[in-house]
Structure formats: C-alpha cells, structure tokens
Amino acid sequence: MNTQREIDTDMTPDEREVSRLLGELKRVDAPANFEFGVKARIAAGKPATAAAASGVWLGYMKFVVPAFLLAALGGAMFFGGLAGDSDVPAIAEQRVNPVAVEETLPEPVRDEASVAAATEEPASSGPETLPFRESFTPLPAFVATGPAERIIRPLVETPVTAAAEPAGGSVDRALSPAIEVNLPLAPVDYLKKYGIDAAVEGEVWRVASVAAGSPAATAGLKSGDLIESIGGRKPATNPTFQHSTGPMALVLRDESTFRIVTIE
Amino acid sequence: MAFDKIHRSSAEVYETPVPEKNLSDHELIAATKEGDETAFAEIVNRYRNPITNYLYRFLNDYEEAVDLAQETFVRVYFAIDRYHTNYAFSTYIYRIATNLAISEIRKRKRRTLMSLTGLFQNDADDNTEYQPPDTRSLPDADLIDGERDTVIARAIATLPPKYRVPIILRDIEGRTYEEIATIMELGLGTTKSRISRARGLLKEKLKHYF
C-alpha cells in the first residue's frame, strides 16, 4: 500500500523531515488469526464491541421496562378494581348510619337548615327512608335495574307483555330480529352483501350484475363473471356463510384460467 | 432464496473459476453481495494490514487496533448492500475505520473523565493525551531508533483527531490528497492545510529528533 507514495512539492524542509520520519516508522501487520476473528464476529451476527453490546442490551431494556410497567399498572388496576367492587357494599352499609356518613363526607360547609332537616327527617319518617340514602346513593338502584332492562329491550317488541308472560317471552326471542341476524346465509345472499347479484349455474355462480360503487365493483367484478368458489367453498357443497363483513376471497374462472379476488 | 443458491452453485460448476487475487475490489464486492465467502476473505486479506497499521498509528495500541480493524470488516460485511461503487473501496473502508477510531477515542476520553477511580489514581496512560516536548539529552545512538519510534508514536497520538487522521493517511499510509479529502469529507484545500498544520505540530513535539 505504500508503493504509490508521491513527493509533495510544496513542503518546507521541516515538514519534509517530519514526513520522512513518519514514513520510516515500522509498519505493523494484522495477527495471523485476524480473518478468523472477523468471521467469528460475522457469525455472531452483530457488532461485537463492548459499546455495541451494551447498546443492544439498552435496546432490549427499552421494550422490557415499559412492558413491565404496563403489566404492573394493569395488575394494579385489576386488583384495585376488585378491591373497589368489594368496597361498594361496605359504603352502602355505612350510609345506613347517617352519623357515619356525615363524618366521611368531604364538604363541611352546610347551613343549619339542611343540617336540621337531615337530623329531623329520620326521626319523623323512620330509619327505612333515610334522606341521605335517597340523595347520595343513586348507584345501587341503577345497578339493580340496569341490566334487566338491557336484556329485555332489544329482543322483545312489546316489553310489557313479555315481562308479564315469561313463557311467551321465549317465543318472541326466537322470532326477534336480534336472533335472526345470527342465522347463516345462503351463498347468494352472502354475495349480495358485497353487491354481487349471482345465481348458481352448474358448478359455478354466474354474476348477473354488480352494484355500482359496491366493494365488488371496486374489486373489478363484472356481470357474466363465473365464481368458482367463495372462501374456498364450491356450490356443490351447499355452503352457508356467517354474517361477517371482513374480506371475502373469490376464485373467478375463465375457460382456462383462475384468478383470486379479495373483496373488502 | 434457497432456489437462488441452487442456481448459483450450479453456475459455479460450469463456469471456469477466476482466481480471487486477479479480481478488482469492486468485482470482489459484487461477488460478496452474491454470497461468495471466498471473495470477502480476499477483501480481508487485501486490507487487513493497512487498516490494522492505520488504526495502530491512530490509537497507539495494538490490541485496540486489531479489535477495531476486525470490527471495520464486520461493518463492511453487514453494510455491503449499501456500498456503491461511486468511489474506491479503499476510501470506503478507511472512512469506516476512521469513524470507529474517532468514536473509540471519544469513549476513552469519557472513561477518563467519568471514572471515579480515575480521580484517586494517576495512571501512566492518563498522560498520553498531552505530551510535553522531551528536552532531555539523547541516549546512545543504538537505543535511539527504538525509542524514537515510541516517541513519534506518542507524539502522533497526542494530535487532535482532525490532524491525526490526515497525517497518518498521508505520511504513513501514503494515500493521495484527493483520497484523504474524500475519506474525511473535506475540501482538498482544507485537507492540505490540515496535513501541513499536523506536520508543524509534530515538528514542535519532535524537534530533538532531527
């Protein structure tokens, strides 16, 4: 490598002397196992200096630490949530006793009139209708009635009669639209969901028309296309389909070729 | 991928093999990109001594120099797809070695500054960053050569990197000004003036040796 040395013409004598001294320095060679070391590092697959190694380690920590914190947070919320649930009845019990509620309430600012009302009313109407319970604990009432209403409403057209007759309720449920939605679809109806009007013709479905602007039209389907299979199922197997709106894979067929079209 | 390999190995059987030693750097790189390990071995063989010597003169530490030289080739190997033949391969590999060496001396400086133990002990290698000119009278002539090399090596190691890089590349490795300018990503004029300045600094440090 030292053969192409050229003489710098514009050097001062001092510079030339320094240059000569440096040029005369004994050269060192790579050790005999140099190439072996290179190959070993390449086989190890990553930069092998200490700094690089610690960099890799830090890189892992970048993912491990947040993951651990998230897991810890999730755990805290889960167990905290359980603890919160178990606290609810305890609070409700506490509130039966108005004096205890008074102590736990945060705001001390109250005019004498309301305090007087609060202390007098229990005496007049008895312990069952505590004013504090009415005004401060709407939560138990909501929880008790909420789920029941939610179950009945979507399934039954006339909730009053259904609630009155439990036996009739099951019939209503069977005929209600909420259940019907879950019935499997015939292939032709399934294709319609994607804008394809098709009918069985021998071993294939023949596309009669494609709704303009539908996903199928976007995917390039035309009337007259022959559909070999829908999601891998052929007409001969009498397939049924679920009401998913996910992508649908069709195999289209010419005289000689097949192509796969995915319709979102 | 597997199919590629089968295809290539069958091609190798029918082609007359060209000895790696006759190929240019760029041909070797192309062969390495194809997965030819012997081509890469030839690249290592060609450049291991110059790179090791360069790094040795830069760091004044043989073990470190070999370590970084090996690292240089590992970097070349893993970045080989990103290497374009716009400039000579020697320029490319010297640049990688230079970057590694500069980051290494930065790391050393950090270690020296940051280490707590360094506060309490005064190691001999703490002095390598600053070497005052040696004003003692010279010993016998036969001792001079060995000692002179050591002193010159230390003097080089005290230069700031921006002077150390070009003067080693120029006066020890014998690279052209144009190539050094490319390696350092500087203009030709700046490179020349840095080399001239480096020689001036070294002359000050070494004035008792000539």
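In helix 4 of chain B, the buried residues are Ala65(B), Val66(B), Asp67(B), Leu68(B), Ala69(B), Gln70(B), Glu71(B), Thr72(B), Phe73(B), Val74(B) and Val76(B). The model is a predicted one, with an ipTM of 0.70 and a pTM of 0.47. Chain B contains 10 helices and zero strands, and 30 of its residues are in contact with 29 residues of chain A.

**Helix 4 and the architecture of chain B**

- Helix 4 of chain B covers residues 62–78, a run of 17 residues.
- From its first C-alpha to its last, helix 4 of chain B reaches 24 Å, close to the 24 Å expected at 1.5 Å a residue.
- Read from the N terminus, the elements of chain B follow the order α-α-α-α-α-α-α-α-α-α.
- Chain B has 210 residues, of which 31% count as buried.
- Where contacts in chain B link residues at least 6 apart in sequence, 63% of them join residues at least 24 apart.

**Nonpolar cores**

- The largest nonpolar core has 47 residues, and the members that touch the most others are Leu55(B), Ala69(B), Ile93(B), Ala97(B) and Ile168(B).
- Helix 3 of chain B (residues 37–59) supplies the largest share of this core, with 10 residues.
- A second, separate core consists of 16 residues, among them Leu191(A), Ile227(A), Ile230(A) and Leu252(A).
- Ala69(B) is both a buried residue of helix 4 of chain B and one of the core members with the most contacts to other members.
- Leaving aside residues up to four places away in sequence, Ile93(B) touches Tyr47(B), Ile51(B), Thr72(B) and Val76(B). Of these, Thr72(B) and Val76(B) are among the buried residues of helix 4 of chain B.

**Contact between chain B and chain A**

- On the side of chain B that touches chain A, the elements giving two or more residues are helix 3, helix 4, helix 7 (141–158), helix 8 and helix 10 (188–205) of chain B.
- The residues on this side of chain B comprise 16 nonpolar, six polar and eight charged.

**Selected features of chain A**

- Strand 1 (residues 196–201) and strand 2 (residues 204–210) of chain A pair in the antiparallel sense, over six bridges.
- These two strands of chain A form a hairpin with two residues between them. In the turn, Gly202(A) has a positive phi of about 70°.
- Within this pairing, Ala199(A) stands opposite Arg206(A) of strand 2 of chain A.
- Helix 12 of chain A, residues 215–218, includes Pro215(A).
- Pro215(A) counts as partly exposed because 19 other C-beta atoms lie within 10 Å, whereas a buried residue needs 20 or more.
- Pro215(A) and Lys193(A) are 22 residues apart along the chain, and their C-alpha atoms are separated by 9.4 Å.

**Confidence in chain B**

- The mean pLDDT of chain B is 81, and 75% of its residues reach 70 or more.
- Within chain B, confidence is highest in helix 8 (residues 161–172), at a mean of 94, and lowest in helix 1 (residues 2–14), at a mean of 47.
- Over residues 8–15 of chain B, pLDDT stays under 50, and the model has one contact beyond four places in sequence for this stretch.
- Residues 123–127 of chain B likewise have a pLDDT below 50, with one contact in the model beyond near neighbours in sequence.

Methods. Residues numbered from 1 in each chain as written. Chains lettered and ligands numbered in written order. Predicted model: local features only at pLDDT ≥ 70, side-chain atom pairs only at ≥ 80, totals over all residues. Core = buried A, V, L, I, M, F, W, Y, C linked by C-beta atoms within 7 Å. Buried ≥ 20, exposed ≤ 12 C-beta atoms within 10 Å, placed from the backbone. Helix = DSSP H or I, 4+ residues; strand = E, 2+ residues; numbered from the N terminus. Contact = placed C-beta atoms within 7 Å. Expected span 1.5 Å × (residues − 1). pLDDT = per-residue confidence, 0-100. Nonpolar A, V, L, I, M, F, W, Y, C, P; charged D, E, K, R; others polar. Pairing = 2+ DSSP bridges.
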